[in-house]
Amino acid sequence: LRVRFRAGSSVLTRDDEDLLKIMAEKVAPTSVRLQLKAYAEATGNDTSKARRLSLSRALAVRSYLIENGLRSTRIDVRALGIARDGGAPDRVDILLLER
């Protein structure tokens, strides 16, 4: 699952919240762990600001998943800052990891 953000924002949209809620309900009864990989676009070469924004985004997604039934110990956060993988710059990728 991929959650996209508006440039400079770490606020989840209602549509994103709905998708995350459905995912949390499906994942909760399993033993699957989640890894959140967060990215943010930087203006110029401000990697520090991009990293902080990506962390804010990851924590927004993590908090919403916890509020909807997932235990915090099942969610790993990686704030990666600038996307160097060719993907969209303002996003959080949610990966499912088997235990």
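Two strands count as paired here if DSSP finds at least two bridges between them. With that in hand, take a look at this predicted model. Its open sheet has 4 strands in the order S1-S4-S2-S3, and the pairing is mixed.

- The edges belong to strand S1 (2-4) and strand S3 (75-81), each of which pairs on one side only.
- On average, neighbouring strands in this sheet are turned by 15 degrees against each other, direction ignored.
- Strand S2 (residues 33-39) and strand S4 (residues 91-97) run antiparallel, and 7 bridges join them.
- As a reminder, strands of a sheet pair through backbone hydrogen bonds, either parallel or antiparallel.

**Helix H2**

**Helix H1**
- Tucked away under 20% relative accessible area, the buried residues of H1 are Asp16, Glu17, Leu20, Met23, Ala24 and Val27.
- Seen down the axis of H1, those buried residues fall within an arc of 130 degrees, so they line one face of the helix.
- The cover over the buried residues of H1 includes S1, S2, H2 and S4.
- Turned away from the buried side, the other face of H1 carries the exposed residues Arg14, Asp15, Glu25 and Lys26.

Technical notes: Residues numbered from 1 in each chain as written. Predicted model: local features only at pLDDT ≥ 70, side-chain atom pairs only at ≥ 80, totals over all residues. Heavy atoms only, no water. Helix = DSSP H or I, 4+ residues; strand = E, 2+ residues; numbered from the N terminus. Axes fitted to C-alpha atoms, helices over the stretch in contact; angles between N-to-C directions. Buried < 20%, exposed > 50% of the residue type's maximum accessible area, 1.4 Å probe, protein only. Arc of directions from axis to C-beta. Contact = heavy atoms within 4.5 Å.
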